[in-house]
Amino acid sequence: MPRFLSCAALVLACGACQLIAPEPVIIRGAPDGPAVTLTQGTLRYQSSVEPFPLNEYCSIQFVAEGTELIALEFDADMPAHKHGMITKPEITWSEDKGWWVHGMNFHMPGAWVMSVNAQTTEGWYQIDFPVHIGPR
Amino acid sequence: MWLSLAFALFVAPMQAQEEERPYFDQREQALLRLLTKLPQTPPPSPSNRFADDPRAARFGQILFFDPGLSPSGTVSCATCHDPEKGWSDGRPTSLGVSLGRRNAPTLLGAAEQRWFFWDGRADSLWSQALGPVENPVEMAGSRTDMVRYVAETPDLRKAYEELFGAMPEGLDDRKRFPDGARPRPPAPTGMFHDVSDLSMPTEGLPAYKAWASMSAEDQEAINQAFAYCGKAIAAFERKLVIQPAPFDRFAASVLTPGAEGADKDAISIAAQRGLELFMGKASCHNCHFTPLMSDREFHNVGHEVGVDEDFDHGRPDGIQKLRLDPFNGMGPYSDAPDLETNVKLRYLFYDSHTYGAYKTPTLRNLGRTAPYMHDGRFDTIEEVVFFYQQLPGQPPIGHREETLTRPRMTLQERKDLAAFLRTLDSPPLPEELRRAPD
């Protein structure tokens, strides 16, 4: 009986978790593609320096179209090197400037992945934007 | 018949040699562009408003070569950064008043660096210049003694005051400005401390007590004068610009044939093959890019330590020390302490991946700056190349940079790579920069 109760509690707890934090929609962007299509609308990025500079500091703006971006998390890694950036970027938002990630530095040449957790009014998305830095 | 023989003996071998000349494809040419075109003026140094003042550079040059900055009167900046030894010292680890634990890097092109010291514990050339003065194994001095030395040496005092204004008053009052007075260096805490910091509280206690006995105004006056001296030394060091090397003339022949100085024979065919390896199978370019041949950042290449050696955490200690340093770019002695200017400090990340990581050294003038690595463990370029081929053992802390992949190179290929690395030696700087000014 107690085992049954624990299982029931677990099922209920899982259901509650799903209500609170629904599964994100996972999207992998096209290589070097600055935009992805969401369930509703699109999300695209634009670097302060085009193309992304190698081993220099830069910022990136995220713009949602056809939906409203209400929360953003950002990280970037080099999967082949098993490390990320040498900086801790800062995310800012203002009504006139929108969403920005400042203090990025892709310090080595090669394949990077920018990982973005984006919350819009319609849903939650985990998006990978593959980018290549430096000469190919 | 004679004609055939002559062809076989002279023309055919020359053709064969021509055929062996490597071809640099589009990708390699793009990489070459990253490696060459040396800047002949250093980047701006906003935290040092005297950085490009010729009077500051001259004063800094005097200080750089003056052993009087050390209380023993035997150690100057040039002791470990000897112009005749590639602005290094030719020793595995430096010998100031006693033996240090790290190799003295060359100062050629130092102004191009982003961070200073092997662990990057300084963020400007001028704040770096202050470190050795109070390091117990380098000059083993103090900021108070150094400022007093400048004040009591008429030529130095005159040069200082022309630039920075009056020196602090009352320096001859030993009660007010005690001999050897210096603050306790801000030591990293917790598990990431540097072992050398453990001895500091007792070892330097009289000097720290002497500093604590001074008024806040006098401490501030000494700090300001000390910072000015560092800024002058940096103004001189900014003149130590890397001159184009044979590699640069060769690279120009690939990228812009016919350009002034371009020379496809500036480096041997073996060195050209070595360059191809550098950007290809050996993947040296992953960390050694930019014209400085360094990404100016930090990597753990996985050196083992012997049983009697101390752990040296490298970059994590450097980050902690940098943040605590009042002479960093956002500190009260910086000429541009704002957040917008100090991007590299603002977004600096204390990252577990950097345990055991040291700054990627410049490869420029490698032939003149043996021995190699942060602890000078390798005497020759060939040994360094062999290390990267073998990657023996495991690092004592952290993990080895994953991009290092044990390239399988033949003996000939290792020789070619070493031959290329020797083409990065540039001509010496003018004689007037290699000594104290008249």
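This is a predicted model: local features need pLDDT of at least 70, side-chain atom pairs count only at pLDDT 80 or more; totals for chains, interfaces and linings use all residues.
Student: Which residue takes a positive phi in the hairpin of β2(A) and β3(A)?

Tutor: Residues are numbered from 1 along each chain as its sequence is written, while chains are lettered from A and ligands numbered from 1 in the order in which they are written. Helices (H or I, at least four residues) and strands (E, at least two) are DSSP runs, numbered from the N terminus. This hairpin has four residues between its strands, and a positive phi near 85° is taken by Gly41(A).

Student: Over how many bridges do β2(A) and β3(A) pair?

Tutor: Pairing here asks that DSSP find at least two bridges between two strands. Ala35(A) stands opposite Arg44(A) of β3(A). The two strands run in the antiparallel sense, and the number of bridges is three.

Student: What is the bridge partner of Arg44(A) in β4(A)?

Tutor: Strand β3 (residues 42-47) of chain A pairs in the antiparallel sense with strand β4 (residues 57-65) of chain A, over six bridges. For Arg44(A), the partner in β4(A) is Val63(A).

Student: How many residues of chain B are in contact with chain A?

Tutor: Contact means that the C-beta atoms of two residues, placed from the backbone, lie within 7 Å. Chain A contributes 16 residues, and the number from chain B is 16.

Student: And how many charged residues are on the side of chain A that touches chain B?

Tutor: The classes are nonpolar (Ala, Val, Leu, Ile, Met, Phe, Trp, Tyr, Cys and Pro), charged (Asp, Glu, Lys and Arg) and polar (the others, Gly among them). Of the 16 residues on the chain A side, six are nonpolar and six are polar, and the charged ones number four.

Student: How far apart are the C-alpha centres of the two domains of chain B?

Tutor: An automatic or database domain assignment supplies the bounds: domain 1 is 16-38 + 244-311 + 355-424, and domain 2 is 54-241. Across their contact, 20 residues of domain 1 of chain B meet 21 residues of domain 2 of chain B. On the domain 1 side there are eight nonpolar, five polar and seven charged residues. The centres of the two domains are separated by 32 Å.

Student: Is the crossing of α5(B) and α10(B) left-handed or right-handed?

Tutor: Helix α5 (residues 125-134) of chain B packs on helix α10 (residues 216-237) of chain B at about 115°, with axes 7 Å apart; axes are lines fitted to C-alpha atoms, for helices over the stretch in contact, and angles run from 0 to 180 degrees between N-to-C directions. The helices are therefore roughly perpendicular, a class for 65 to 115 degrees, beside roughly parallel (under 35), roughly antiparallel (over 145) and oblique (the rest). A crossing is left-handed if the near helix is turned anticlockwise from the far one by less than a right angle, and right-handed if clockwise. The crossing of α5(B) past α10(B) is right-handed.

Student: Which residues of α16(B) make the contact with α15(B)?

Tutor: Helix α15 (residues 381-390) of chain B and helix α16 (residues 411-421) of chain B pack at about 125°, with axes 9 Å apart, and are therefore oblique to each other. From α15(B) come Ile381(B), Glu382(B), Val385(B), Phe386(B) and Gln389(B), and from α16(B) come Arg414(B), Leu417(B), Ala418(B) and Leu421(B).
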